[in-house]
Amino acid sequence: VERGACFVSGKFDAMRQPRPLSAIASAMNDYCDFLARDEGRIDAVREAAATAIGSEVKILADLIPSLRKIVVPLGDDPPVQVQGRGAFQRLLFAFRMLFWATCSTAHPVVLFLDDLQWADKVSLELMQVLVTDTMIEGLLFIGSYR
């Protein structure tokens, strides 16, 4: 953190278990707040995120309200409605693209998630996708459980 890394955290809760991605969405909301306040990078981050995420920004902005501080969803057209596994794959892709666009070895991110024993299946799959994606540089994932 002293060398410019961003530390964000989220905590899974047994009471919030029915709400998928709650801890990750909370951490990502903090991350987007951090990015929006970084006046030295905001223009580059805004452009990179808009290019990488594209129309999928609407999907992420519903989960991560602070993303709208960085990338404004364009148009009033509703996103293409996809259900089931297709919708889930789009969500995973959008998260990956957000990290590809904003995270680097020059601007690393430490993502700490606590109480993984309460994590929902969707969050676990997203974590697996993020930590195994070799194109994401500068992401350190730390998880803890009891």
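An axis here is a line fitted to C-alpha atoms, for a helix over the stretch in contact, and the angle between two axes runs from 0 to 180 degrees between N-to-C directions. The model in these exercises is predicted.

**Exercise 1.** State how many helices and strands the chain has, and give their order.

Solution. Step one is the count: five helices and three strands. Step two is the order, which from the N terminus reads β-α-α-α-α-β-α-β.

**Exercise 2.** Describe how helix α4 and helix α5 pack.

Solution. Two packed helices are described by the angle between their axes and the distance between the axes. Begin by locating the pair: α4 covers residues 85-102 and α5 covers residues 121-132. Their axes lie 10 Å apart, at an angle of about 45°. This angle makes α4 oblique to α5. Roughly parallel would need an angle under 35 degrees, and roughly perpendicular one of 65 to 115. Finally, the crossing of α4 past α5 is right-handed.

**Exercise 3.** Which residues of α4 and α5 meet, and how do they divide by class?

Solution. On the α4 side, the residues are R85, F88, L92, F95, R96 and F99. On the α5 side, they are V122, E125, L126, V129 and L130. Sorted by class, the contact has eight nonpolar and three charged residues, and no polar ones.

Conventions: Residues numbered from 1 in each chain as written. Predicted model: local features only at pLDDT ≥ 70, side-chain atom pairs only at ≥ 80, totals over all residues. Heavy atoms only, no water. Helix = DSSP H or I, 4+ residues; strand = E, 2+ residues; numbered from the N terminus. Parallel < 35°, antiparallel > 145°, perpendicular 65-115°, else oblique. Left-handed = near helix turned anticlockwise from the far one by under 90°. Contact = heavy atoms within 4.5 Å. Nonpolar A, V, L, I, M, F, W, Y, C, P; charged D, E, K, R; others polar.
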